[in-house]
Amino acid sequence: MIDEKVRVRIAPSPSGNLHIGTARTALFNFLFAKKNHGKFILRIEDTDAERTSQEYVDNIFDSLKALGLNWDEGPDVGGNYGPYTQSQRFDIYPKYVQELLDKGFAYECFCTPEELEAEKELATKNKQAYVYSKKCENLTEEDKEKLRKEGRKPAIRFNIAKAQKAFHNSSILEFDDLVKGKLHVDTNLIGDFVIMKSNGSPTYNFAVVIDDALMEISHVIRGEDHISNTYKQILIFEALGFKVPKFGHLGMILAPDRSKLSKRHGATAVSDFVKEGYLTEALINFVALLGWAPSDGEEIKPVDKIAEDFRIGEISSSNSIFEYDKLKWMNGQYINKMDLAKLTDLALPFLNMYDLNKYTRKQLEKIIEITREPITLLKDLVYDTQYFFEKPDYTEVKELLNSDLSKDVLDKFTEEVKTYDFNNSEELHNKLADFRAYFKEQKGYKPKETMWAIRAAVTGRTRGADMVAILELLGKDETIARIEASRKI
RNA sequence: GCCCCCAUCGUCUAGAGGCCUAGGACAACACCCUUUCACGGUGUAGACAGCGAUUCGAAUUCGCUUGGGGGUACCA
C-alpha cells in the first residue's frame, strides 16, 4: 500500500486515434489510482501543433470513456491543476527555462541543423556514440551577440553533466523502477538535449517535467520506450528543486510478428476495434491480461474487480505479443453474457444494410439472442442474420437440396408444415422432434441430416440458429414460400 | 555503431532454491453432449533459449553467449 497522496496521469499526444497500447497504459494508471484511492488525470500533450488535430482529441476522449477509464481531472472536467491541455500552458514554461539558465543548468545553443547533422555524421563515421559536443556551452556574451546579429535564434539546452554533478556522486544515474527494479545509465552518454526550441516552444522532455511537477503527479506509469527519457527528466526535476515522482515502466505490446503494433497488422486504435465489433468490456479485460495475471486465476472480470486485485510490482516486465485469438474468444464470452437489450443496441448499427423494420424490437432481440452464441465479433452478425432479412441464397446448398434424402424430407415437410401452429414454440419444437424421429425410424436418417435439409431449404445454410426460433420469426407463409422456392432450384 | 531493457508451451501467463516428472487460459487435436455452428464437459500434444558458475539441490541466484525489444531528434 502506498500511503502518500497518489496522483497518476495519462498523457496522450493527439497525433492519432487512441492506440490500444496507450489504452493499456491508461488502464494500468487507472487501476493504480483506484487501488490506492488516488486521482487519475488526463492531460493532452499537443505541443507539436503540426501533428495534432481536434478530431484525435475527441477520439481519445470518446475511447477512454467507452473503456470506462474515467478521469478525475482533465481538459473537459477541469481540476485544480489546469489547464490540462499542454498548448494552453505555453506561458508557464519560460519561467522555468529562465530558472535553469540562471542556475547554470541550461545554456543557449546557436548550432544550426546543418552543424548538428555534421556532428552526427562524424560520430557515425568514427563508430562513436553521438553525444552533442557542447560547443555552445561556454559562449561569451560577445559570441552570442554576434550570432544573434546574424539572425540566429538560440535553442536552450540542458546541461546534463552539471546537473548530474550537482546531485549525484558519479556519472551513473540510477532510479528504482516500480516494475523493473533498479535501472541506470551513464549520463556521459546522454547529450545535452534541447528543452526549448528556437521557436520558443518547449520540448516534450521539458514540458512533461514541468507539468508533472505542477500537477503534483506522484507516480509516472508509462511504456518502457520512455526509460531513456526518465534520466533526463529526473535531472530536470532535481535541477528545479521539484520532488521526483516514482516511475514504473511497462513492457510494450508487440504485433504477432514481434514488430511494433501498427496499422498494417489491422486494428490498432480502440475505435477500430469497436468498429469491428469488439466490446469495450472485452478489450479492456484482455489488455489487462497483457503483463498482469489475476491472483485467483479468474481471467474474465470487470475493471473494478481487477483494480481490487491489482499490484503494480507484479506486472510482467517483458513485452507481450498482441494475439487476436484470445481477444476474440473473450469477446465471444462477453457477447454471450451481455444483457440482451444492451447487446441489441450495440448490434443493430452493424445490421443497417438490412431493412430492420421487418421486425419488431422484440423480434430483433430474439434474432440477436439466437444468433449471438457462435459469434466472436458483432460484425459476424451481418452474415449470421442475413437470412432473416433477405431471401436465402441456395448456391451453397444446391447439391444438398438435390439429394434423395433432402427430397424425401422436404416432400413430407412441405405437407406437414402447413399443419403446424407457428405461434406455439413448444408445439413446434415437439413436431420437429417427431419429424426427426420419424425419418430416423423409417429411413435411418440421422437427426442432423433431416434438419440440414430443412435448414437448407429455409435459410440456404447448413449452419445457423435454432430452427424452431427461425421458423417462428419467419412465420408460416414465409417458411412455406421458401421451401417451395428451394425445391425449384 | 553505442546505451538500456527483456527472455517459462505457438500466444498470454503461474512460478520469488526443494511443493515443478513446471500449473492455468487462448489456439490445435480427439472424444462426449447435441437439430447444425457454437457453448459446455473430458482428454491429448506442447515450454524453463544455450553454456558455465554458486548450492546437497536452480525455471527460480550470478556471469557469458544468443535472440527479441526500446532509445540514440529543435517528435511525443
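Which helix gives the most to the surface near RNA strand B? H20 does, with five residues. The views below come from a predicted model, in which local features need pLDDT of at least 70, side-chain atom pairs count only at pLDDT 80 or more, and totals for chains, interfaces and linings use all residues. Residues are numbered from 1 along each chain as its sequence is written, chains are lettered from A and ligands numbered from 1 in the order in which they are written, and side-chain values use heavy atoms, with hydrogens and water left out.

**View 1. The protein surface near RNA strand B.**
RNA strand B is surrounded by 61 residues. The closest are Lys 197, Gly 291, Glu 373, Gly 464 and Asp 466. Near means that a heavy atom of the residue lies within 4 Å of the strand. Of the RNA atoms that come within 4 Å of the protein, sugar and phosphate account for 73%. By class, the surface has 22 nonpolar, 17 polar and 22 charged residues. Ala, Val, Leu, Ile, Met, Phe, Trp, Tyr, Cys and Pro count as nonpolar; Asp, Glu, Lys and Arg as charged; the others, Gly among them, as polar. Elements that each supply at least two residues include helix H8 (227-239), helix H12 (324-337) and strand E4 (155-158). Helices (H or I, at least four residues) and strands (E, at least two) are DSSP runs, numbered from the N terminus.

The side chain of Glu 373 places an N or O atom 2.6 Å from a base nitrogen. Ser 228 also uses its side chain: an N or O atom there is 2.7 Å from a sugar or linking oxygen. Lys 326 uses a backbone N or O atom, 3.2 Å from a sugar or linking oxygen.

**View 2. Helix H1 against helix H10.**
The axes of H1 (residues 20-35) and H10 (residues 280-288) come within 10 Å and cross at roughly 75°. H1 is therefore roughly perpendicular to H10 (65 to 115 degrees). Axes are lines fitted to C-alpha atoms over the stretch in contact, with angles from 0 to 180 degrees between N-to-C directions. Ile 20, Arg 24, Leu 27 and Phe 28 of H1 meet Leu 283, Ile 284, Val 287 and Ala 288 of H10. Contact means heavy atoms within 4.5 Å.

**View 3. Val 209 in helix H7.**
Val 209 belongs to H7 (residues 204-214). Its relative accessibility is 0%, so Val 209 counts as buried (under 20% relative accessible area, 1.4 Å probe, protein chains only). Beyond neighbours within four places in sequence, Val 209 contacts Gln 233, Ile 236 and Phe 237.

Technical notes: Buried < 20%, exposed > 50% of the residue type's maximum accessible area, 1.4 Å probe, protein only. Parallel < 35°, antiparallel > 145°, perpendicular 65-115°, else oblique. Polar contact = N/O pair within 3.5 Å; in protein donor to acceptor, adjacent residues only side chain to side chain.
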